[in-house]
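Here are my notes on this one, written for someone new to reading structures. Have a look at the picture first, then work through the points.

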Amino acid sequence: MKDKLVQAFGGLLDSIIAAAPKVVVGILLAAAALLVAKLIERILRKALVRMRLDDLVAKAGIDQAIHRIGIRQELTILLPRLTYFLILLVLARTAGDALGLDAISGAIGAFFAYLPNIFAALVLLILGSTVGQFVGQMVSQSAESSGIEFAPALGKLVSGAILFVCAMMAIAQLKIDTDIVRIVTGLVLGGASLAFGLSFGLGTRDIIRNITAGFYARKVLTMGKPLEIAGQQGVLRAITATHIVLQSESGETTISNSNILDHVTKQ
């Protein structure tokens, strides 16, 4: 029994002694990684501050697009901080390879392989936000100059639609399945189009009926001749898109064109 205990503790001691160099190397690599990453972060931050990166981004009009996708921190602080963590990951992978920690090294390698997709998604979001904001302002200004009351809402709608399309492209770059989102979006847009078509068709039914009746009224009636329609008498002066204009001694009388379909007309 005593011999077995001595043998077990002896094996444990040998394992600790064998692993000690790797542990020491790991601690030294971690300390070196922290120092190097911190040094590079400070150097990069000073360089970006001297370049006045935040002012350049604001002058280019990209700052608002960055804020719209949820990034509120200044780039002179954010970019060096991201660089700091990336350097730590690179050095951690190197340490993992040196210490034989294949699982950690493989996970970090997979993250770096996925990093271009994240970068492409961010670029798409920033680009979509910038273009959407610009096009939305153009549409809003054009609508206002045309006298459309809901011009700001129309501009926001166009801007949101462009941002939504770019967001879908960004999600696709992240290799996330967007089929469900596309199906739901198609159903929502189809329902909205159907509702708009029905409301517009029902709401303008009388106007369309008058326009159609006016088309036939111009073919059968003669301008300048007396006309009796729907109990009104006068000289036919004009047939507009929706009304017939009669001139009488009491003045002008307008009657909707659809009366020619519903009443007896004499000319």
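The points below go from the overall fold to a single residue.

1. First, the ground rules. This is a predicted model, where local features need pLDDT of at least 70, side-chain atom pairs count only at pLDDT 80 or more, and totals for chains, interfaces and linings use all residues. Residues are numbered from 1 along each chain as its sequence is written, and side-chain values use heavy atoms, with hydrogens and water left out.

2. The protein chain has 9 helices and 5 strands (DSSP runs, H or I of at least four residues for helices and E of at least two for strands, numbered from the N terminus). In sequence order the pattern reads α-α-α-α-α-α-α-α-β-β-β-β-α-β. The radius of gyration (taken over C-alpha atoms) is 38 Å, well over the 18 Å that the globule rule (2.2 Å times the number of residues to the power 0.38) gives for 267 residues, so the chain is more spread out than a compact globule.

3. How far does the C-alpha trace span along its principal axes? About 130 × 55 × 25 Å.

4. Of the 267 residues, 21% are buried (under 20% relative accessible area, with exposed over 50% and partly exposed in between, using a 1.4 Å probe and protein chains only).

5. Now zoom in on Ala20, which sits in helix H1 (residues 2-51). Ala20 is partly exposed, at a relative accessible area of 33%. From Ala20 to Thr265 you cover 245 residues in sequence and 111 Å in space, C-alpha to C-alpha.
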